[in-house]
Amino acid sequence: MSEQIRFGPFTLIADERRLLRDGVPVDPGARAFDILAILSARPNEIIGKADLLALVWPDVVVEEGSLRFQIARLRKILDGGGNGSRYIATLPGRGYCFVAPVSRTGQRRGEPDQKATGSYAQTSLPGRLTRMLGREADTAALSVLLIASRFVTIVGTGGVGKTTVALSIGHELIGTFDGQVHFADLGALSDPDLLATTVASVLGLSLGSDDALPVLITGLTDRRILLILDTCEHVIDAAAALAARIHAALPQVHMLATSREPLHVEGEHIYRLPPLACPPDDVKLTVASVQDFPASRLLIERATAGGACFDLDETDALAVGEICRKLDGVPLAIELAAARIAGFGLQETAVLLNERLTLSWPGLRTAPPRQRTLQATLDWSYDLLSARERLVLCRLAIFVGHFSIDAVLAVVTGPGIDEELVFGAIDSLVARSMIATRPVGAVMRYRLLDTTRAYALQFHAGNNDFADLPARHAAHYLRWLDETGDAWSTLSSAVQRSVHLAGLANVRAALEWCFGPGGNTATGIRLCVAAVPVFLSMSLLSECHRWMTRALDALDDTEREGLEEMHLQAALGTSLMFTRGGQDAARTALDRSFTIAEARGTATDQIQILGPLQMFYLRTGNFRTALGYARRCSYLARALEDSVSTTLAHSVMGISLHLNGEPDRAQTALETALRYGPRSDRTTTNSLGFDGRLLAGAILARTLWLRGYPAQATERALLTIEEAETLDHPLTLSIVLVWAVSLFLWTGDLDRVGRYIERLFMRARHHSLGPYLSVGRGFQGELSVRQGELNSGIRSLQQALTELHAAPYELLTTPLNIALAQSLAATRRIDEALALTDETMRSVEANGDLCYMPELLRVKGNIVLAAPRCDSHQADICFAQSLELSRQQGARAWELRTAIDVVALAADHERSGRCHEILVPVFSQFTEGSATADLISAARLLGT
């Protein structure tokens, strides 16, 4: 079937060179048809005049006047003699843009409809709120302005339809931005300091630092997206600062903001969204002419949808015009009035408006006229409610953003307000447009418009009917966290995050009340404890640190040393570990938590704290201490029938044994962790901040290589990467990539090394994971050295090690030191190489990452041989110790490397008889992986 492009009453069929208007053929001419086909196929994209000339007149040289003539001809045809600007816009000096909404049918196979929001998994754009009326020209003009200028703020009165227009533009441009359209609803935000955090969460960025703004800037670097910041006025200063920073630093990001006032920052283009056009005050107004105005059409459509039944006559037409003018064409006010027409009729509604609602626009900045207008509209709407409906509406104002009916029943019900009354009031308020609805899957979500909520909150002050609301609200979200906390680690899509983030906004509001004047600190402490899995799973580490500190400060002497302090200290220590490195504050908090767990907690509690403690000491390079904690964790897990605890215990034991130079025992522990932790079980991310099962898989790959199974090691690494990408947890994937790259450096698979380093950089940069960026730079340096770029590789290695020591993050500094020592030796900086090798060996002996000792001894032997005063005896001692230690550890991979060097040296000195004595027994133990670098070297050496 031929593809059809539809816009307005037109259908364009390019393959058949046909243009139809309402099904009737239209002949614009060959050149004009070509221009229309090109522009309509690329809607909302600016196409330069030179490009159009080349496409339409490929074999002829024509003047620009010919193009202008054909454009004018097209506009006349499209708009029935008008200027056609609602279809084709001119951008002086730049070109033309097709700005009308476009739909496609009959696509060729393999060409999906890119206008369908659902086809883009990464977008966080909600559905269109309503069918728009009278906003086609605004949408077209804004689309062109946004593409051309990158930063536009839609400014207008509350309820004028800013969000509706912004969402429509997002849907129109979703194909232009390849699905990268993200919508941040700031209406639920009460703390301006959390603005960058909220936007980063909408984008799915993990926060690993106290300041979310650099994370956001880094995460958006080199990404072409449309970011919609909706409802900025209540956080105007923070929104202005954020928008200015993004606009200045990120030339690929386009921003569309909505606000009741301009942001007033550099680069902002202000588009004032006017009210809908209303019928004039004219006694000659007819039924037909009144419906030419979008405000009238909106009133009639909403009244009919609300159950009003009427056949308009001339008197009704006058009443429609009067109502629309009284409401100044503000869509929200019109919808509120339309909801009453079914009950009062057009004429009575007009009378009520005259008696009770006088609109005026003058006012100071502190009392904007648009606020007074909405205040008057809401006063009138509120007065039409029954007493019980008013009570329910005002009680609903306690919620921030969307809420569920379950939340309503838990918080709003009380003495004199039973469930039946609440259900009835909700139905009535929805019908009267006082509550907005949004279906999410099979569940309906509700939301008071921001202006309605602000209006209703005015009645809370000093009113005993609402005194119990904050406590009930906090108690409900405490129960919600208890029920949903463990599910947060499985949320990966933008839709899932947006639903739960609305709940998180209410948790934040409850915490603010709990720790504020007149709040309930006991509930606040419990809320903090329940929110820990959420903060860690969503990588909201800085916020976790903030609330845990607040709760700990609120504990009194009787609450110290209890289970609540245990959980708070554990979360504080974990968040500090990831955001501020190996500082004493993190260790102190974790130690304190574990002390309480030993005294009062369960074995499960202790295991959940031992995991972060072991990780802390691994990250700071104290591997022996980490092994001690891993052993305690494993001992406790033996008595439990808990797959999560067992997986965690075996994972931390496996990595410690691996680093301690016990690959055989490490393999057993790691395989057990994988066996106990099925792929669907992601709850191990709650205490560690990442998936412990996938860590086990990554370390198992390295362990298999050390034990002499390079093919299995590669297979395991690739499988673990695949699972981590499916999980869509940035921190977990970064950890897996780090260990996978270290393995591929060992196997000599430099192509994979390069590819996965780039993936690591992309993830680490986007999510501000500093240590992993530094490790990646170190790996890049080692790769450069192997590719012959010695000096640049050495510089990268040195820079990376400096950054890692400063963090401190010592988990992978030993292999990077080995790579640097070899690189220094290759450039004849022998003394530096020897000094670094000796220093690293002392560190390994002291700290316990003994798995690298055989390789260090081998490297030292080669450096000693390369020294100007070669001490072959000392080199032989190093090689002999390396071979012996390799055999003791069961590290056949290290043994093979040393054997290759020894035999190569023997061949240089015509002592090749040692070949069979040393190399053949080791080589013969390898039954797979013949294409890996060391086995290729061994086979080549044996062949000579």
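Biologist: Which helices each supply at least two residues of the lining of the second largest cavity?
Modeller: In this predicted model, they are helix 31, helix 39 (892-908) and helix 41 (933-943). Helices are DSSP runs of H or I with at least four residues, numbered from the N terminus. A cavity is a set of points on a 1 Å grid over the protein atoms alone where a 1.4 Å probe fits but cannot get out, and lining residues have an atom within 4 Å of a point.

Biologist: Which helix gives the most there?
Modeller: Helix 41 does, with 3 residues. The lining includes Ala-933, Asp-934 and Leu-935, as well as Trp-746 and Thr-747.

Biologist: And what is the volume of that cavity?
Modeller: The second largest cavity has about 80 Å³, where a volume is the space filled by probe spheres set on the grid points.

Biologist: What lines the largest one?
Modeller: Among its lining residues are Met-615, Arg-619, Ile-735, Val-738, Trp-739 and Tyr-772. Helix 24 (603-619) and helix 31 (730-747) give two or more residues each, and helix 31 gives the most, with 3.

Biologist: How do those lining residues divide by class?
Modeller: The division is 10 nonpolar, no polar and 1 charged. Ala, Val, Leu, Ile, Met, Phe, Trp, Tyr, Cys and Pro count as nonpolar, Asp, Glu, Lys and Arg as charged, and the others, Gly among them, as polar.

Biologist: What about the classes in the second largest cavity?
Modeller: That lining has 8 nonpolar, 2 polar and 1 charged residues.

Biologist: Which residues do the totals for linings use?
Modeller: Those totals use all residues, whereas local features need pLDDT of at least 70 and side-chain atom pairs count only at pLDDT 80 or more. Residues are numbered from 1 along each chain as its sequence is written, and side-chain values use heavy atoms, with hydrogens and water left out.

Key
1 Å grid on protein atoms, 1.4 Å probe; cavity = no way out; pocket = protein on both sides within 12 Å on 5 of 7 lines; lining within 4 Å.
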